[in-house]
Amino acid sequence: MSLRRAIRDRILSRPAVLAAHAVTLLVLSRLLTPAEFGLFALAAVAHQMAVSLADLGIKTQLLNSPSLDPHRHGEAFGLALASACLVGAGFLGIVLLLPDALVPPSLNLTLWIFAASVLLGPLELLFNIPLMQSMRFGLISVVNVFGAWIRCGVSIVAALYGAGPAALAAGLLAEQIVSFIMFAIARRKETVPAPRMTGWRSLIEDGARLSGNQVIRHLSELGIMGAISGFLGVATLGIYNRADQVVKLFDKIFLNSMSPVIHPAFVQAIKNKHHPATIYLKKVELLTALIWPAFAMIAILADPLCRVVLGPGWDAAPVIVQLLALIGIARPFTQMNQALFIALGELRLSTRLDVQHHITRVALASGGALISLEAVCVALAISYVIDAMRQTRAFARSTGYEKRQLLSVVLNAMLLTGCTAGPAAMALYFVATGNAVVQLLVAATAGAAGFILCVCVMRNVLFDEAQKALKRIL
């Protein structure tokens with residue numbers, strides 16, 4: 001399957017997946033309290049860290065291979081099973097052994113569910129990896145849509161029955177189980193590798209750094225959330241978590257649909273002898289054209305967006321959404337960089353930059369937590385700008401791109417952002433109604449119209465990509 005077709009399949013499935021996420025967010029924000037969301041956020045970061053430890057970078061190693069050797073596949077599956085059992089047992093130990101002061105009883109069920117999720121993780125190597133490597137994202141997209149709605153339904157039903165933070169974890173586990181069942185049915189005629197007990201040493205050696213990167217990232221998240229919870233309270237952490245979810249709506253719409261395709265795409269581009277500078281500048285050009293206008297819209301529409309998505313009782317969220325949207329300034333220069341560093345053979349450099357970023361991020365955010373949640377958000381935005389500067393310099397050395405080319409990309413993105421944000425802000429100002437839904441629809445439509453018009457007039461890179469996509473679809 002071609003790269004463009006893979007991206008097309010992913011993007012076309014996003015509206016249905018986004019609708020499921022939106023329904024979940026709309027309903028659960030009205031059923032669960034900020035404190036319950038705060039507790040779930042802490043448990044979720046611990047779960048993500050456990051998943052990264054269990055993964056050992058195996059998934060990335062397999063995706064980075066030109067072909068999926070059955071023997072190597074079996075070795076990876078065997079190691080993943082052993083690692084998942086070890087980490088899953090550790091998760092259960094947390095539930096059973098740690099005192100209530102560290103693990104509240106209200107989190108016990110959530111952690112049990114997450115432990116089961118860790119144990120199921122190796123099944124991804126059997127189903128997802130072969131499909132991703134062969135670029136069969138059509139099937140993956142269908143399963144993702146079905147799984148997202150299963151997650152939505154289970155989470156809502158569990159919340160209605162008083163499951164609290166465990167409702168969100170139950171939805172995640174249900175999505176995982178249903179997705180694996182559907183993949184197994186779709187690939188029932190294909191050979192499934194048997195787990196092997198050999199070849200683990202090389203997999204561990206190569207994967208330790210990849211896994212370490214993920215663990216460090218989750219540890220930094222846990223440190224930030226711990227600082228917010230410890231200094232400002234669990235309810236404040238819940239507000240931060242919900243505001244962060246609103247800001248990440250853009251990721252759910254666009255970036256999450258492309259992320260599984262990006263690593264194979266970079267590997268393929270390097271293999272096809274494309275110049276690294278061209279690849280990097282193309283990535284930045286596409287991301288600035290998407291991310292800057294989107295985050296500007298999120299900041300402008302924060303108030304009606306929070307009133308529609310989160311409902312009453314979240315009055316503190318709009319300001320936090322606006323401050324978190326400042327992170328969008330740096331995102332195009334940091335997003336998807338690890339995959340490109342790996343494709344360029346610069347994993348060591350990527351790791352060093354990640355460690356520096358997370359140390360800076362936790363230090364600044366912890367200092368901000370001593371003041372207020374608003375200070376935490378400003379500190380996070382500053383840490384991302386610092387990281388963007390470091391990574392941009394690193395790519396300048398690795399790829400040798402010309403700075404004037406990068407400046408041209410930035411100026412074009414700024415113009416596109418202004419043409420998007422201006423109409424949205426004016427529409428929001430002149431719409432006198434107090435109905436948040438009407439305000440959101442009118443302002444979003446005005447911003448989208450300005451964005452599309454500017455893309456067409458400027459003949460932005462998005463214009464060319466849209467034309468190519470439409471030709472393939474039609």
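In the loop between which helices does Gly 164 lie? Gly 164 lies in the loop between helix H7 (137–160) and helix H8 (166–186), where helices are DSSP runs of H or I with at least four residues, strands are DSSP runs of E with at least two, and both are numbered from the N terminus. This is a predicted model, in which local features need pLDDT of at least 70 and side-chain atom pairs count only at pLDDT 80 or more, while totals for chains, interfaces and linings use all residues. Residues are numbered from 1 along each chain as its sequence is written, and side-chain values use heavy atoms, with hydrogens and water left out.

Gly 164 has a relative accessible area of 7% and is therefore buried, a word that stands for under 20% relative accessible area, with exposed meaning over 50% and partly exposed in between (1.4 Å probe, protein chains only). Leaving aside residues up to four places away in sequence, Gly 164 touches Leu 32 and Glu 36, a contact being heavy atoms within 4.5 Å. The C-alpha atom of Gly 164 is separated by 8.5 Å from that of Thr 33, although these two residues are 131 residues apart along the chain.

For the protein as a whole, there are 21 helices and 0 strands, and 50% of the 474 residues count as buried. Among contacts with a separation of 6 or more, 85% come from residues 24 or more positions apart.

The largest nonpolar core has 99 residues, and the members that touch the most others are Tyr 280, Leu 310, Val 321, Leu 324, Phe 333 and Leu 380; such a core is a set of buried Ala, Val, Leu, Ile, Met, Phe, Trp, Tyr and Cys residues joined through side-chain atoms within 4.5 Å. Helix H12 (residues 276–300) gives the most to this core, namely 13 residues. Apart from this core lies another, of 9 residues, including Leu 56 and Trp 200.
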